[in-house]
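Student: Could we go through a protein model together? I would like to learn how its labels are decided.

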Amino acid sequence: MNTIYNTVYNNYMTTYAPKPLTRYDTHKKSELRSVYNSIVKYTKDAPWYLPTTSKETQHYAVSLKENARELRNTIAQLGGLESEELFSKKSAYTSDENVASATYIGSKEAAENISDIELEVRSLAAPQENLGLFLPDERVALAPDTYSFDISINDMNYEFQFSVGESETNRDVQERLVRLINNSDIGIRADLAESEERTSLRLTSNSTGVPTGRERIFSVTDNHTSKTAGTVAYFGLDYTSRESSNARFLINGEERSSSSNRFTLGRLFEVELKGVSQEDRPVRIGLKTDVESLTDNITNLIGGYNDFVKAATSYLETQTKSRQLVREMRGIAYKYNNALESMGLNMTEDGTLNVDKDLLHQTASQSRDIVTTFGYLKDFSNSLLRKSNQVSLNPMEYVEKTVVAYKNPGHNFTNPYAASAYSGMMFNSYC
């Protein structure tokens, strides 16, 4: 049963929520209880609908919820869950974005005593790469049969089975293996490398760094596979052309290493390495000024709003009720239109907001009272937060449904129908 749940969870995360989770995706018991009570209250009065069976509609409903989660997390990262903390988040800078980028993750109090950090990158963390034999685009030399091989990664073994036809070429089989491995989503990317009209099957791990307790991140064998063996040797899948390696860098002159190119420094900065430093030219990491941090926070908020509107707009041709959500989002922005324009935030025809960074920076730098100047923007953010919570709680509100019956007023009862209908979309075809 755990294997089934793991498969469902992996499918959900890779299909609907490709973006990384944040600390705002964890919740206290009181928060979960509040969500549960809200669901009970909603389902008590909700009419009965015919089940939604269209895969496109199911994907749309789940995507709505995930986009709402992303918008909520954007606001939360700006301190928007508590109105007095909104836009107070400090922004980090690096002196060379081509070498490293940084995000401040510490508290407002800790920011008062932070000194700049010097970072010198010696090498980046690298994934493992297996490069197979370069074969001509000729008829495959394997006998027609059903073959299989095993890939071991993260203490898990995965068997891949495929058939080889009599008239297929090496490239035909290689392209099928690329699709087979990529669709399995086990943490390995497959593609074809080409050289002088010959092709090779290349396997690259998604993860980087030297694994703990193992020689390699993944290995490919067919010694104990269930079907016919021989494809590993024929395609050369077991040859490791590049070993995985850790990132090596200096922090204020002290040598460090990391298995990933993304890591945290002293619970203050989240750093992502992008390139190698020039000799004797370390990158400086520090905090931006209050005005720069404020403009960054506002820009991030508008970016979150725009992303949500664009995601909803992308379904206008296939989901009729998505128009309702787009109208509601535009209505929220239009309510604060005059105040937003005075800050350099202008509404466009498609409902998104365009940021005039020069005017926004000028408004922030000349303001004597930030609370008063950007008060309307806080109200705008709070309205977006309420809307994201509503969509996350009940994405089915924006799905075209057929009503079967309305409940008897005053004699209704709670039921899990609406919530279970939505949850069933994630488990569909697995249980």
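**Salt bridges and exposure**

Tutor: Gladly! Glu194 and Arg171 form a salt bridge, with their closest N and O atoms 3.2 Å apart. This is a predicted model: local features need pLDDT of at least 70, side-chain atom pairs count only at pLDDT 80 or more, and totals for chains, interfaces and linings use all residues. Residues are numbered from 1 along each chain as its sequence is written, and side-chain values use heavy atoms, leaving out hydrogens and water.

Student: Why is the pair Glu194 and Arg171 called a salt bridge?

Tutor: The term requires a side-chain nitrogen of Lys or Arg within 4 Å of a carboxyl oxygen of Asp or Glu. Here the closest N and O atoms are 3.2 Å apart, so the pair meets the definition.

Student: What makes Glu194 exposed or buried?

Tutor: Buried means under 20% relative accessible area, exposed over 50%, and partly exposed in between (1.4 Å probe, protein chains only). Glu194 has 56% relative accessibility, so it counts as exposed. Arg171, at 25%, is partly exposed.

Student: What makes Arg284 partly exposed?

Tutor: Arg284 has 35% relative accessibility, so it counts as partly exposed. Glu118, at 33%, is partly exposed as well.
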